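Student: Could we go through this model question by question, with the cut-off behind each term stated where it comes up?

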Amino acid sequence: MKLDVDVLRYLSKDDFRVLTAVEMGMRNHELVPSELVVRIASLKHGGTYKVLKNLLKYKLLHHDSSKYDGFRLTYLGYDFLAIKTMVNRGVFVAVGRQIGVGKESDIFEVAKEDGTVLAMKLHRLGRTSFRAVKSKRDYLRHRSNYNWLYLSRLAALKEFAFMKALEEHGFPVPNAVDCNRHCVIMSLVEGYPLVQVKQLQNPDIIFETIIGLVIRLAEHGLIHCDFNEFNIMIDDDEKVTMIDFPQMVSVSHRNAQMYFDRDVGCIFKFFSKRFNLSFQEHKHDIDGSEVDTEEYDRPCFSSIAKCAGFLDKELSASGFTGKDQDEIEKFIEVGIEKDTSSDDEGTGDEAHISDEFAETNIKDFDSLKLLEQPEKVNRDEKGEAEERQQFCEAGQSSEPDTQDLSDKEEEANESKNEDNPELIHSLNKHRRKAAAAVYGRRKSVTSRNSYKDKGGKSSHNSKIQKQLSDW
């Protein structure tokens, strides 16, 4: 979709308020219901539907009524929100011509108040030419649900972070200025893509420089993954600049070697075809004789030492996990011990012996503590067991006395209660319930009217049941 910035002149605050309301609703809605848009926008004098109609006219929103009446942002509306935010921040005041088109982004010229020209990169993931983003790029990580606007925002944030870090470590990259939503503002590189260059004064030097950049990136823990003639800029002084960083991964990635070999292969292939550079390498055969091959000084991924830094850890590059972080910390501790031992061998040996002696003493002391604790535990367990045994013996010895006393009390109570038939009946009832509970059977509960004498067979049966229950 073509970016027509002239429409910005005719958009009011209410228009941007409704656009922001749709953006907020798209956090948890694929299509934002119109009622929710009205509720989020909450315009003072109403008129939200009129504003929606105006935004649809400029194709800043898309309307869909297949399931329900809903709206969603288009890339043009998302562009206008990002550009409006950048203008309010004072990053630039004017938008110029389009200078680049890619499968994942569009690049425009923008100008500041003092006339400085910058580059504005708008990420546009989801184009028909490149829709396999979920498998080709690691923007989603653990997420399963997504939309293209959200993916574009993640790609812009990732590129801005990598550009800032690489610039701080001295890599030839554009100067990152600002980032908002899917928009990245950077300095404009005065040059041409390497694919458009037909002749070079020193192709050998440029080739070595580019291969050196690939190796430096790997030493810092990163792999470009798309390092080819389309993402290398070169100016009139033959100065090389790298661009396009959203797809960078860590050297700890499971496919890191494949990506590294692919980047190196692209550079070798391009220079051999475009500038007719011949690559020869001398390898020794099994017999000791030299064998000529087609490649010269092709860097090997396994031979590169990651010693210049850990940018993948700082930027959480794809493939870098917590386990790798623990291993790095262990490696750093081992390196510190080696450095201290190499400075002074004699003192280092004595210190090492004393440290070992101290560690063994500490271990022995801990083991003594651990041995003493089980003894205490065993003693406590023995004391508890003896108390329980004494309590059981006392209970067993007191059982006959208590039984005699209980028998005497029962006889006295029975002699007293023989004259009270109601009390005897209630006692018998409780005994029957206790017996039923012991044998696990449930006493059949009769109805309330079964004990009432109403005459007839039912009353006669109820009397029989009562006598049976008494027996």
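**Cores, helices and strands**

Student: Which residues touch the most other members of the largest nonpolar core?

Tutor: A nonpolar core is a set of buried Ala, Val, Leu, Ile, Met, Phe, Trp, Tyr and Cys residues joined through side-chain atoms within 4.5 Å, where buried means under 20% relative accessible area, exposed over 50% and partly exposed in between, with a 1.4 Å probe and protein chains only. The largest such core has 50 residues, and the members that touch the most others are Leu166, Ile210, Ile223 and Phe271.

Student: Which elements give two or more residues to this core?

Tutor: Helices (H or I, at least four residues) and strands (E, at least two) are DSSP runs numbered from the N terminus. By that numbering, the strands that give two or more residues are strands 7, 8, 10, 11 and 12, and the helices are helix 6 (148-168), helix 7 (203-219) and helix 8 (256-274).

Student: What are the ground rules for reading such values?

Tutor: This is a predicted model, in which local features need pLDDT of at least 70 and side-chain atom pairs count only at pLDDT 80 or more, while totals for chains, interfaces and linings use all residues. Residues are numbered from 1 along each chain as its sequence is written, and side-chain values use heavy atoms, with hydrogens and water left out.

Student: Which residues does Ile210 touch, leaving out those up to four places away in sequence?

Tutor: Contact here means heavy atoms within 4.5 Å. With residues up to four places away not counted, the partners of Ile210 are Leu194, Phe227, Ile232, Val240, Ile267 and Phe271.

Student: How many residues does the second, separate core have?

Tutor: Val7, Ala21, Met120 and Cys183 are among the members of this second core.

Student: What percentage of the residues in the protein chain is buried?

Tutor: The chain holds 13 helices and 15 strands, and of its contacts with a separation of 6 or more, 61% are between residues 24 or more positions apart. Within its 471 residues, the buried share is 33%.

Student: What is the distance between the end C-alpha atoms of helix 8, and why does it agree with expectation?

Tutor: The expected span of a helix is 1.5 Å times one less than its number of residues. Because helix 8 has 19 residues, it should span 27 Å at 1.5 Å a residue, and the distance between its end C-alpha atoms agrees at 27 Å.

Student: Which elements are included in the cover of the buried residues of helix 8?

Tutor: The buried residues of helix 8 include Tyr259, Phe260, Ile267 and Phe271. Their cover includes helix 7, strand 10, strand 11 and strand 13 (249-250).

Student: What is the strand order in the open sheet of 3 strands?

Tutor: Strands of a sheet pair through backbone hydrogen bonds, either parallel or antiparallel, and two strands count as paired if DSSP finds at least two bridges between them. In this sheet the pairing is antiparallel, and the order is 1-3-2.

Student: Is Asp244, with its positive phi, buried or exposed?

Tutor: Asp244 is not a glycine, yet its phi is near 65 degrees, and its place is in the loop between strand 12 and strand 13. Because its relative accessibility is 15%, Asp244 counts as buried.
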